[in-house]
Amino acid sequence: MRPRIAPRGALAFVCWILSAGAATAADLPSFQALVDAAEPNSLLSPPAGSYAGPVLIDKPLDIDGRGEVTIDAGGKGSVIVLDTDGAILRNLHLSNSGNSHNDIDAGVQVRGNFNVIKDNRIDDCLFGIDMQQSENNIVRRNRITSKPVDLGLRGDAIRLWYSFNNRIEENEVVDSRDIVVWYSRDNVIRRNKASGGRYSLHFMYSQYNLVEENEFRGNSVGIFLMYSDSVTVRGNHISHAVGAAGVGIGFKETSDVDIIDNEILYCAVGLHLDVSPFQPDTTNRVQGNLIAYNGIGIQFLNDWTGNLFQDNLIEGNLTQVAVLGGKTAKRNEWIGNHWSDYAGFDRDRDGIGDTAYEQYAYADRIWMDVPPARFFKGTPMLEVLDFLERLAPFTSPDLLLRDEQPLMSAEFRQKQKPVTGGTPNERETKSPGAPAAQPDALEKLRRSLGRD
């Protein structure tokens with residue numbers, strides 16, 4: 001018969017386990033001592049093992065963990081505070097930061113310029129990499145995960161605050177909150193991946209940034225631009241931004257942006273425009289994008305003007321274009337888009353429909369005018385009402401938009417498209433080429449699921 005442990009003994013045993021664990025964490029060798037002993041501009045490559053943080057680096061060092069060094073902050077503060085210029089942090093495992101949102105407890109806090117943070121694994125850290133008033137840094141190929149708490153309580157994976165001319169490239173973010181770029185300009189955000197978060201990428205008051213070739217899957221929102229002018233967003237894949245607030249790419253009071261050659265698939269709303277463009281005499285250019293299989297392809301908050309939609313493939317959305325509040329989108333410019341529900345002909349075989357594509361608002365506007373009715377969107381009841389209204393309308397339907405030159409096929413007409421956003425050395429002109437056929441529906445589905 002196995003002996004029974006009395007409750008009091010069990011409690012003592014648990015307390016002993018906890019105290020032993022704390023002692024083990026406290027007994028780790030200090031990484032700060034290694035930093036203090038290193039000469040400026042030297043290589044610090046310590047023996048493999050675990051070391052105690054937090055660590056303050058206030059001189060330029062090249063710190064290489066070779067994938068064998070862990071720094072554990074012991075649940076207090078940031079693992080590393082990088083308060084210097086010209087340092088390199090690479091191949092480190094940074095873990096167990098504090099839990100303070102006010103102090104921005106992070107894997108790495110960057111407070112300097114011309115630093116490189118690359119090839120690190122950051123986990124169990126509230127924030128990942130936090131950059132404040134930092135310029136010309138490189139953040140590349142890091143894998144970042146926040147603490148295992150509810151989404152709203154996690155910290156941001158990468159955070160730029162008043163930081164300019166930085167390059168954020170090829171990082172992988174899983175189960176963190178946001179990547180944020182606030183009050184920051186002339187940054188390049190390229191070839192990053194993010195999943196399981198809230199905002200894949202969130203801009204606030206940030207101009208002249210380039211967002212290119214990123215892959216954002218399964219987040220609440222893909223990319224949202226708020227009060228951030230002259231941003232270029234091109235060649236990104238955004239999919240499965242679902243839920244009540246699911247948006248692929250959203251603008252709020254944002255002007256002079258280029259949205260070019262992106263894939264926006266399986267989102268609640270593909271594009272959402274809120275009073276954009278905001279600045280007088282400016283234009284937002286939406287060109288060459290695949291906007292497919294979303295609940296709403298393109299949604300306007302109100303009747304606004306100043307947006308150009310050209311050469312886009314708009315296919316298979318439950319509602320192609322919607323304008324909330326019972327208004328129209330016809331004050332924007334619609335030129336040469338391919339619409340999967342276009343029912344016209346091309347008798348002269350020039351690839352352009354003989355008649356304009358027009359979208360009207362019929363009875364299916366009930367779910368826009370009465371928000372609770374959205375629950376029934378797509379049901380047989382509303383579909384029958386919509387069919388009857390189209391068959392014999394009791395009132396004149398509202399014209400939402402008119403595209404005078406709809407493309408007949410799902411092939412893009414390649415044109416020279418000047419890119420006006422991004423940093424000056426990132427601007428380029430897309431060279432013309434032969435039209436390229438878009439993949440079929442099955443291939444798009446496979447690609448969106450990561451099976452290409």
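A contact means heavy atoms within 4.5 Å. The protein chain averages a pLDDT of 84, and 78% of the residues score at least 70. Over residues 1-24 the pLDDT is below 50, and beyond near neighbours in sequence this stretch has one contact in the model.

This is a predicted model, in which local features need pLDDT of at least 70 and side-chain atom pairs count only at pLDDT 80 or more, while totals for chains, interfaces and linings use all residues. Residues are numbered from 1 along each chain as its sequence is written, and side-chain values use heavy atoms, with hydrogens and water left out.

## Overall build

The protein chain has five helices and 38 strands. Helices (H or I, at least four residues) and strands (E, at least two) are DSSP runs, numbered from the N terminus. Of the contacts in the protein chain with a separation of 6 or more, 53% are between residues 24 or more positions apart.

Of the 452 residues in the protein chain, 51% are buried. Buried means under 20% relative accessible area, exposed over 50%, and partly exposed in between (1.4 Å probe, protein chains only).

## Nonpolar cores

A nonpolar core is a set of buried Ala, Val, Leu, Ile, Met, Phe, Trp, Tyr and Cys residues joined through side-chain atoms within 4.5 Å. The largest one has 71 residues, of which Ile 223 and Ile 298 touch the most other members. A second, separate core of eight residues includes Met 204, Phe 224, Val 247 and Val 269.

## Salt bridges

A salt bridge is a side-chain nitrogen of Lys or Arg within 4 Å of a carboxyl oxygen of Asp or Glu. By this rule the count comes to 28. One of them joins the side chains of Arg 90 and Asp 62 (2.8 Å, N to O). Arg 90 is in strand S6 and Asp 62 in strand S4, 28 residues apart. Asp 62 is buried, with a relative accessible area of 18%.

Arg 331 forms a salt bridge with Asp 303, with the closest N and O atoms 3.3 Å apart. Each lies in a loop between two strands, so the pair ties together parts that are 28 residues apart in sequence. Arg 331 is partly exposed at 47% relative accessible area, and Asp 303 is partly exposed at 25%.

Methods: pLDDT is the predictor's confidence in each residue, from 0 to 100.
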